[in-house]
Amino acid sequence: MNVVIVGCGRVGGFLAGLLDTEGHHVSVVDIASTSPARAERAWFQHLPSTFKGETILGDGTDLEILRQAGVEKADALLALTEGDNRNLMAAQIAQKIFGVRRVVAKVNDPVRAQIYRRQGIDTFSRTTILGTLLFAMLMEDREVGEVLIKKSLEHEKELAHEPAPAG
Amino acid sequence: MYFIVAGAGEVGFHLAQALLEAGHEVTVIEADRRRASFVQEKLGSIVLNEAADEGRAQMEAGCSRADALVAVTGDDAKNLVICQLAKHHCHTPRVIARVNNPKNEIVFKTLGIDETISSTRVLMSVIEQELPTGGFLPLMPLTGSQLELIEAEIAPGTPAAGRTVGGLKLPSGAVVGGLVRRGKVVHPHDETKLEVGDRVIVFAPTATEGEVRKALFG
């Protein structure tokens, strides 16, 4: 699969690594912030050192940047920046302008997540997913999170053995 | 009429003030507490100190009875979502978005927000109107369409001079809607021959502005 990931925070970097390891072609876009504090840091610090895909520095809601990231040939785009609105804009551009078949936007506001899902944009809200999981754990409802937690623990184990990225 | 102004920066503040002066009812939604209290001090209790991109804040502002919502923050993605929420969640009959990056006008239209205002484009059209650009003046975009109103003065030695209206190589979708000859309005027909000094009014899809220019001036 060709996958574009917009936003390379912890989640974006982690997912890009997973997909890359599985042999998918991944392009990661992260915004070129103008703040000096950020500029000194490695832009893609959350990517594993083994990552073989592309990294593009730019605004993931900009058509030209998305084109550079290969959105025209992408099978999926995941918008995972810290901004709900930016994620919704990038996902809609991918779906409605570039015709990407599978788009997912991280939308932490559950109300917005639901409204856009009804408009045909796949959204997930960390708020409700994490909240539901934690609630189930507290209530000792093992069924809700069993598979999810087992898989996450496996990934964590793999990540712990990964050498720290250079720089 | 009742208007909701989302975002109380310079644009939002002065827009709200102008709407109030024109006798309209206005609610301003502004997330920044200090900015919100500044506006409240100047314009009265018309401010909602909430984030306008939250559906709840829009409901509280009465988005379902508003005649229009105008999103004028400095963040294009936010303006897009504010307008889409109002349109889909509140069914506000008219939503208008400010776009800061003029390239986003076409993006917003594709994503269902037809009315956009780009200050860059407004400034460009003002500048172009004041410059002697061979008499080619993009007058204004037509609200709610992707059309543009263009005025052009036929200059000597151009492809249009001496040609009939029907013979102009205008792009598809563009029509000559009017003709001013020696200060008088003439209804143009396909056979009307254009003379130097005629001023033609052309309706054209915004994207074809360059082609219209080429058809008239070469």
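Two residues are said to be in contact if their C-beta atoms, placed from the backbone, lie within 7 Å. With this rule in hand, chain A can be described: among its contacts between residues at least 6 apart in sequence, 54% join residues at least 24 apart. The model is a predicted one, in which local features need pLDDT of at least 70, side-chain atom pairs count only at pLDDT 80 or more, and totals for chains, interfaces and linings use all residues. Residues are numbered from 1 along each chain as its sequence is written, while chains are lettered from A and ligands numbered from 1 in the order in which they are written.

Chain A holds 7 helices and 6 strands; helices (H or I, at least four residues) and strands (E, at least two) are DSSP runs, numbered from the N terminus. Read from that end, the elements follow the order β-α-β-α-β-α-β-α-β-α-β-α-α. Of the 167 residues in chain A, 35% are buried, a term that requires 20 or more other C-beta atoms within 10 Å of the residue's own, with C-beta atoms placed from the backbone.

The 6 strands of chain A form an open sheet with parallel pairing, in the order S3-S2-S1-S4-S5-S6; strands pair if DSSP finds at least two bridges between them. At the edges are strand S3 (54-57) and strand S6 (122-124) of chain A, each pairing on one side only. From one strand to the next, the twist averages 15°. Helix H1 (residues 10-21) of chain A packs on this sheet, touching strand S1 (2-6), strand S2 (25-30) and S4 of chain A, and its direction makes about 165° with that of S2(A). Such angles run from 0 to 180 degrees between N-to-C directions, with axes fitted as lines to C-alpha atoms, for helices over the stretch in contact. Helix H4 (residues 84-97) of chain A also packs on the sheet. This helix touches S1, S4 and S5 of chain A, and its direction makes about 175° with that of S5(A).

Turning to the partner chain, 15 residues of chain B are in contact with 16 residues of chain A. Helix H3 (55-60), helix H4 (76-90) and helix H5 (104-110) of chain B each supply at least two residues of the side that touches chain A. The largest share of that side, 7 residues, comes from H4(B). Chain B averages a pLDDT of 89, and 97% of its residues score at least 70; pLDDT is the predictor's confidence in each residue, from 0 to 100.

How values were computed: Buried ≥ 20, exposed ≤ 12 C-beta atoms within 10 Å, placed from the backbone.
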